[in-house]
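Please keep the sequence and the 3D view open while reading.

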Amino acid sequence: LILGDNNLHDDGVNAIAYALETNQLLESLMLDDNCIGARGLTVLANSLRKNYKLERLHLKHNSFQSLAPLIACLFNKSSLDDVVESNHSLKHIFLDCGYSYESSELEALLKINRLGRVEARRTKVALYLEEDLGRLFELDMDARLCPEVLGILAQSGSLNGVFGVVKNLPWAIFTQCDDGGVDLCEEDCMEVEYL
């Protein structure tokens with residue numbers, strides 16, 4: 001959808017953002033030259049958290065100065081739930097040059113999204129947990145989930161993360177094993193669908 005050079009400003013982005021929340025067909029959106037500022041970019045980025053189809057977004061020649069809303073859209077580190085709910089489908093954002101350090105962070109996140117939705121989500125969960133391994137131990141993790149988490153950390157290349165997890169595992173995880181089997185208790189354990 002090409003909506004470039006329409007003088008939308010921040011107020012005009014509201015209607016587009018609302019439509020993006022529910023539209024799961026649109027793959028490319030061009031909003032170049034629309035005088036979109038910080039408020040408009042934030043509204044747009046918030047709507048993209050609920051959109052699982054848009055892959056390309058053009059935002060050249062607008063008036064926002066920071067890419068922080070887009071970065072938070074792609075990798076919201078507020079909680080594990082927010083990481084999982086981040087946008088994992090947006091693969092390309094076309095911008096003007098000159099955003100310095102933020103553009104390299106944004107490009108790294110878009111590169112992760114190019115791995116595909118499932119792999120992008122797994123990678124972001126691993127990055128989130130690696131950043132502070134203490135978060136991992138706040139989860140109610142049973143023996144069934146432990147190999148999955150270790151696999152995600154290992155796949156992302158974090159041997160220090162894997163070692164940190166194994167070293168700090170509560171003994172209760174090891175005692176859940178009985179003759180090589182695992183007690184697959186469904187109560188009070190983290191949902192495997194995150195991973």
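## Overall picture

This is a predicted model. The protein chain has 195 residues, and 43% of them count as buried. Its secondary structure comes to 10 helices and five strands. Among contacts between residues at least 6 apart in sequence, 77% join residues at least 24 apart.

## Core and helix packing

Which residues have the most contacts inside the largest nonpolar core? They are L57, L59, L70, I93 and L106, in a core of 35 residues. Helices α1, α2, α3 (68–74 is its span), α4 (80–85), α5 (100–113) and α6 (117–131) each supply at least two residues of this core.

L59 shows how such a residue is surrounded. Residues up to four places away in sequence aside, L59 touches L31, D32, I36, L41, L44, F64, L70, I93, F94 and L95.

Helix α1 buries D10, V13, I16, A17 and L20. These residues pack against β1 (28–30) and α2.

In α2 (residues 38–48), the buried set is G40, L41, L44, A45, S47 and L48. They sit on the same side of α2, because they cover an arc of only 160° around the axis. In an α-helix, residues three or four places apart point the same way, because there are 3.6 residues a turn. The cover over the buried residues of α2 includes α1, β2 (56–58) and α3.

I36 belongs to the loop between β1 and α2. Is I36 buried or exposed? It is buried, with a relative accessible area of 0%. Leaving out residues up to four places away in sequence, I36 touches H9, D10, V13, L31, L41, L59, N62, S63 and F64. The C-alpha atoms of I36 and L8 are 7.1 Å apart, although 28 residues separate the two in sequence.

A126, in helix α6, is also buried, at 1% relative accessible area. The C-alpha atom of A126 lies 9.5 Å from that of G151, which is 25 residues away along the chain.

## Buried charges without a salt bridge

D10 lies in helix α1 (residues 9–22). D10 is buried and has no salt bridge. The nearest side chain of opposite charge is R39, 4.1 Å away. A salt bridge needs the charged atoms within 4 Å. A polar atom of the D10 side chain does lie 2.6 Å from the backbone nitrogen of G37. Beyond its neighbours within four places in sequence, D10 contacts C35, I36, G37, A38, R39 and G40.

K124 lies in helix α6. K124 is likewise buried without a salt bridge. What is its nearest side chain of opposite charge? That is E105, 11 Å away. A polar atom of the K124 side chain lies 2.6 Å from the backbone oxygen of L74. Outside four places in sequence, K124 is in contact with L74, F75, V83, N87, H88, I112 and N113.

## Salt bridges

Side chains of opposite charge can pair when their charged atoms come close. The whole structure holds six salt bridges.

| Pair | Closest N and O atoms |
|---|---|
| D11 and R39 | 3.2 Å |
| K53 and E27 | 3.5 Å |
| R114 and E107 | 3.1 Å |

D11 in helix α1 and R39 in helix α2 are 28 residues apart, so this pair links distant parts of the chain. D11 counts as exposed, at 55% relative accessibility. R39 is partly exposed, at 47%.

K53 sits in the loop between α2 and β2, and E27 in the loop between α1 and β1, so the pair ties together parts that are 26 residues apart in sequence. K53 is partly exposed at 30% relative accessibility, and E27 is partly exposed at 33%.

R114 is partly exposed at 35% relative accessibility, as is E107 at 38%. Separately, E55, R56 and K91 are linked in a network of salt bridges.

## Backbone angles

Most residues other than glycine have a negative phi. N7, in the segment before α1, has a positive phi of about 55° although it is not a glycine. C35 also has a positive phi of about 55° and is not a glycine. C35 lies in the loop between β1 and α2 and is partly exposed, with a relative accessible area of 36%.

Methods: Residues are numbered from 1 along each chain as its sequence is written. This is a predicted model: local features need pLDDT of at least 70, side-chain atom pairs count only at pLDDT 80 or more; totals for chains, interfaces and linings use all residues. Side-chain values use heavy atoms; hydrogens and water are left out. Helices (H or I, at least four residues) and strands (E, at least two) are DSSP runs, numbered from the N terminus. Buried means under 20% relative accessible area, exposed over 50%, partly exposed in between (1.4 Å probe, protein chains only). Lys and Arg count as positive and Asp and Glu as negative; His and the chain ends are not counted. A polar contact is a pair of N or O atoms within 3.5 Å; within protein, one must be able to donate a hydrogen and the other to accept it, and residues adjacent in sequence count only if both atoms are side-chain atoms. Contact means heavy atoms within 4.5 Å. The arc is that of the directions from the helix axis to the C-beta atoms. A nonpolar core is a set of buried Ala, Val, Leu, Ile, Met, Phe, Trp, Tyr and Cys residues joined through side-chain atoms within 4.5 Å.
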